[in-house]
Amino acid sequence: MRIELEKRPGGSPLFSVLSPLLAMVLTLVFGGIMFWLLGKDPVDAIYSFFIEPLLEVWSLHELAIKAGPLILIGVGLSVCYRSNNWNIGAEGQFIMGAIAGSILPVVFFEWHSPLVLPLMLVMGAIGGALYAGIPALLKAHFNTNEILTSLMLVYIAQLFLDWLVRGPWRNPQGMNFPETRTFATEAILPAVVESSGRAHWSIVFALIAAVLVWFMMRFTLKGFEVTVLGESARAGRFAGFSSRKMIWFSMLLSGAFAGFAGIAEVSGSIGHLQPIISPGYGFTAIIVAFLGRLNPLGIVASGLVLALTYLGGEAAQLSIGVSDKVTRVFQGLLLFFVLSCDTLIHYRIRIVLDRVKTAIEGGRS
């Protein structure tokens, strides 16, 4: 006996639209069961996790801070995934973008100019794109699996950052703490509304990026090329599109967005480099992309939802005394149910009895 997935002749448009909402409901239900097993009141826990962080202005600013990188990275990944190129290493590109963008405020810290911040952002995007170019090169010219190469490069980036902040870039006045010099004022990404909170311009850049990529995918030839090659490489070749060029385009674009998010996070939220600059934005953005149906505008909404899980996890630690690992559990449940709902909408489960099938085939022969 074995279980097979059989494609449905026609998927339900209604359930395709409702799939993310159904996944959210199932995540809340099973999250409540998890809290009950932990000995916590499910209603109080869900309230602490998803409602309490939205009741204060300062926490809304924190929500925007966490949503910015998730939306930026998720938008870039959506182009990759829709073109059938599976960039799983956005976390590494996020880190390398932060490193590349930090060269000016760390190495050339004596240079003070209004050009510092714009150059940092450009260098961050270039750093992330170049790092994404490694798996792109390996896939385009050597047919290497980009899932494995991009993922393994994450650990190289993490270790490289750790070595930098503990070694050549360590702050000589930092009391031996593993961190770089604090960025000068010219290198700090300013807040959007300083009087009410510390949310910086990363969220604005993320919204602009989402609109631009949505426009590209909806109204331009390049967006049509992404869609055609993603659905059928053979059809794309008949249309005159190049799969190899699409590998480069999609990987470099997603890497640039991730690198830009990295330097924006360091410049706007942290103010220096340190061994850990991300709580896993690059991996969580994969959930953001799929929850948003690989649509840039949908990714804005899903980015806010996943940002809320980070903020809610911190609030739940204080309110009900649960581990910070609960955040990862919620994110994992959400990804599981998103993929499960999408699969069951387009496929039906069929149980095949091998002995019966063999007997039937034997009778026919």
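Q: Which residues does Gln 331 touch, not counting residues up to four places away in sequence?
A: This is a predicted model. In it, Gln 331 belongs to helix α14, which covers residues 325-346. Leaving out residues up to four places away in sequence, Gln 331 touches Thr 284, Ile 287, Leu 306, Thr 309 and Tyr 310.

Q: Is Gln 331 buried or exposed?
A: Buried means under 20% relative accessible area. The relative accessibility of Gln 331 is 4%, so this residue counts as buried.

Q: With which side chain does the side chain of Gln 331 make a polar contact?
A: Thr 284 is one of the residues that Gln 331 touches. The polar contact joins two side chains at 3.4 Å, and the partner of Gln 331 is Thr 284.

Q: Which residues have the most contacts inside the largest nonpolar core?
A: The largest nonpolar core has 99 residues. Its largest share, 13 residues, comes from helix α3, residues 57-82. The residues with the most contacts inside this core are Phe 35, Ile 73, Tyr 81 and Leu 273.

Q: Which residues do ring pairs link into a cluster with Phe 35?
A: Leaving aside neighbours within four places in sequence, the contacts of Phe 35 include Lys 40, Pro 42, Ile 320 and Val 326. Phe 49 and Phe 330 are also among these contacts. The cluster linked by ring pairs joins Phe 35 to Phe 49, Phe 50 and Phe 330.

Q: What is the angle between the planes of Tyr 81 and Trp 86?
A: A search of the whole structure finds 18 aromatic pairs. One of them joins Tyr 81 and Trp 86, with 4.8 Å centre to centre. Planes under 30 degrees apart count as stacked. This pair is stacked, and the angle between its planes is 20°.

Q: Over which ring does the charged end of Arg 181 sit?
A: The charged end of Arg 218 sits over the ring of Phe 219, 5.2 Å from its centre. For Arg 181, the charged end is 3.7 Å from the centre of a ring, and that ring belongs to Phe 109.

Q: What is the phi of Asn 143, in the loop between α6 and α7?
A: Most residues other than glycine have a negative phi. Asn 143 lies in the loop between α6 (116-142) and α7 (146-166), and it is exposed, with a relative accessible area of 69%. Although it is not a glycine, its phi is positive, at about 55°.

Q: What is the relative accessibility of Met 175?
A: Met 175 lies in the loop between α7 and α8 (202-219). Its phi is near 55°, a positive value in a residue other than glycine. Exposed means over 50% relative accessible area. Met 175 counts as exposed because its relative accessibility is 70%.

How values were computed. Residues numbered from 1 in each chain as written. Predicted model: local features only at pLDDT ≥ 70, side-chain atom pairs only at ≥ 80, totals over all residues. Heavy atoms only, no water. Core = buried A, V, L, I, M, F, W, Y, C linked by side-chain atoms within 4.5 Å. Buried < 20%, exposed > 50% of the residue type's maximum accessible area, 1.4 Å probe, protein only. Helix = DSSP H or I, 4+ residues; strand = E, 2+ residues; numbered from the N terminus. Contact = heavy atoms within 4.5 Å. Phe/Tyr/Trp six-rings, centres within 6.5 Å; stacked < 30°, edge-to-face > 60°. Lys NZ or Arg CZ within 6 Å of the ring centre and 35° of its normal. Polar contact = N/O pair within 3.5 Å; in protein donor to acceptor, adjacent residues only side chain to side chain.
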